[in-house]
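Welcome! Have the model open as you read, and follow each part as it comes up.

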Amino acid sequence: MSPATASKAFLEVDNLSVHFPTDDGLVRAVDGVSFTLEKGRTLGIVGESGSGKSVTSLAIMGLHRGTRAKLTGHIRLDGQDLTELTDEELRQLRGNKMAMIFQDPLSAMHPYYTIGQQLVEAIQVHSSESKKAARTSVVEMLGRVGIPNPNKRVDQYPHEFSGGMRQRAMIAMALINNPELLIADEPTTALDVTVQAQILDLMRGLQREFGSAIIMITHDLGVVAEIADQVLVMYGGKCVEYGTVDDSFHRPDHPYTWGLLTSMPRLDRVKQERLVPVVGNPPSLINVPPGCAFHPRCAFRALASQPCDSVVPELAESYFGHLSRCHIPVAQRAETFASDIAPKL
Amino acid sequence: MSLLTVTDLKKFFPTHTQKLVKVPGDPIRAVDGLSFSLDAGETLGLVGESGCGKSTAGRTILRLLEPTAGRIEFNGRDVTKSKGEELRRLRREAQMVFQDPYGSLNPRHPVGSIIAAPFDIQGVKPEGGVKAAVQGLMERVGLNPEHYNRYPHEFSGGQRQRIGVARAIALKPKLIVCDEPVSALDVSIQAQVINLLEDIQAEQNLAYVFIAHDLSVVRHISDRVMVMYLGKVMEVADRHTLYESPMHPYTQALLSAVPVPEPRRGRERILLKGDLPSPQNPPSGCVFRTRCFKATERCASEVPVATELAPGHIVACHYPEVRTVL
């Protein structure tokens, strides 16, 4: 690590790109994403399908190794550059110092092994604990995540659990070695709101207890508002807006973020105005539009100071601590948000 | 007169255990005594957690599933036991849009013939020919009519859902049951499809039964909302009353659990314990009592009757009380 980049951030993702060569061309799933995350804090990554949010998290976990993916940039966890580690060194970290909760626990868990066997294995991979001691910790952890009757449940198979219980078991598996970094990829998308509320409460409580850093990947802005401290909005493999949760919801200054906010029906909105959707479809990552990837769908491109369809806008600070990637002058964006967008929220 | 009247509708699925011989078990009570009516041009939102029977209810109303008991009246006719030509007539006037835009379109048929299928099946000859009618429908739902010969896999999720909508409106039905029509779509695309459904409703005076688990979407699109739990109706009211002053503890818990895109609002949250009980052995008395924060002994012994406590506001609870949770 060069001294210039040495920083105190617990997790530092620096200019990360993940490209997949395919027969149809190069898929730029993630293209130059940077962010930092402190311990005890939560980063929400928001975007539509194909925006690169899941690929980013898989890259941090080192799960693209051994595939055709071309990864560039740096990922530093606690000062250690993960991109320079050997597979074995990374394996030591995975499930131990950093862990991941997947969206679909039914396919992320092995159907032939009991929940207990899978969690015991997660402990024994990283420590020399005896099977008996590991089992005791597993039962305790299952109880902690709110699974009733953990003594009996530990010997059941994933199919015997309901969706919410299965997601809890996944969370228990991710937390079993007290990870310092927890990546949750749409952990509540498949769940009912009542169960989602329980799981979010659980994650918040465990974060308070263990001080872990959490990356929450979701398309639900409500979930982000509830759990995140910082928000990173992705579009077409790039970060288009990055700031604190308050700024991102109260002073968003990227037209795509505006589009997400206005297209969402809100439970607390009394006036039932027509929704303002983002026109068109998310881009294909093989043929990302030139210039700003969002320009074909942008309703405000006429205000831009530079040609949106040829010059890629830089990610720049639009006000203190808030970054965005847009050619429209900052003052004009603030004005447009106040006059056109804020009244619709 | 209402367009659709459903009275005490029940749909049970038989179960059995296999031990040497088949032993019939307790049936799964997916829908257990559902009553409501729907006017032309009205939207009724049907909400509840997964497994509450909302999809089964939607399918049973359209006779895609055979009702176990109860009565379905559509447009003044009793269609509970309709067969043959009579059932075909119901299908012409009542259509469905499915949740999964991938599974509900035949991958081997071009879009043109998928949208034309209702004309073929019903023997309808639209003015100007089938092809022109299909292209008109494609244009109406925001698809390029030149893509007539393309196959479903060439379209995105949002576009496929538009194909499903085009097929459903082909015969100018009076009622469409929409079963989670936008839950598989991205947020920005979701709004496009919701707006499309609203526009078509305004043009054709369509009635919708809108089934969804997303309470924000349901509030946006519905006139009235019905909350279901374990096959039973907990509360029905017009959308503002239901969201602003819900009276059933389940509705209150459900609403308080929805995350709102407003950081640090610090809303009070009613956390429900545990999971949905099995509809095969529903709890005695009130089915919600095992997770209810208000439950007493009375709830275990006495089934609460759905009562109209204010005009149009029906609640099935022994201890109804207005509580604002938003």
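## Before we start

Axes are lines fitted to C-alpha atoms, for helices over the stretch in contact, and the angles between their N-to-C directions run from 0 to 180 degrees. Helices (H or I, at least four residues) and strands (E, at least two) are DSSP runs, numbered from the N terminus.

This is a predicted model, in which local features need pLDDT of at least 70 and side-chain atom pairs count only at pLDDT 80 or more, while totals for chains, interfaces and linings use all residues. Residues are numbered from 1 along each chain as its sequence is written, and chains are lettered from A and ligands numbered from 1 in the order in which they are written.

## Two helices side by side

Look at helix 3 (residues 111-122) and helix 5 (residues 157-169) of chain B: their axes come within 7 Å and cross at roughly 30 degrees. That makes helix 3 of chain B roughly parallel to helix 5 of chain B (angles under 35 degrees count as roughly parallel).

Two residues are in contact if their C-beta atoms, placed from the backbone, lie within 7 Å. Helix 3 of chain B brings V111(B), I114(B), I115(B), A117(B) and P118(B) to the contact, and helix 5 of chain B brings I163(B), A166(B) and R167(B).

## Helix 5 and its cover

Helix 5 of chain B has 13 residues and spans 19 Å from its first C-alpha to its last, close to the 18 Å expected at 1.5 Å a residue (the expected span is 1.5 Å times one less than the number of residues).

How many residues of helix 5 of chain B are buried? The count is 12 of the 13, so this helix is largely enclosed by the rest of the structure. A residue is buried if 20 or more other C-beta atoms lie within 10 Å of its own, exposed if 12 or fewer, and partly exposed in between. The cover over those buried residues includes strand 8 (94-97), helix 3, helix 4 (130-140), strand 9 (175-179) and helix 6 of chain B.

## Where the chains meet

The contact between the chains takes 33 residues from chain B and 39 residues from chain A. On the chain B side, helix 6 gives the most, with 7 residues.

## Two loop residues with positive phi

D78(A) is not a glycine, yet its phi is positive, near 55 degrees. D78(A) sits in the loop between strand 4 (70-77) and strand 5 (80-81) of chain A, and is partly exposed, with 16 other C-beta atoms within 10 Å.

R63(B), also not a glycine, has a positive phi of about 65 degrees. Its loop runs between helix 1 (54-61) and strand 6 (69-74) of chain B. With 19 C-beta neighbours inside 10 Å, R63(B) counts as partly exposed.

Definitions and conventions. Parallel < 35°, antiparallel > 145°, perpendicular 65-115°, else oblique.
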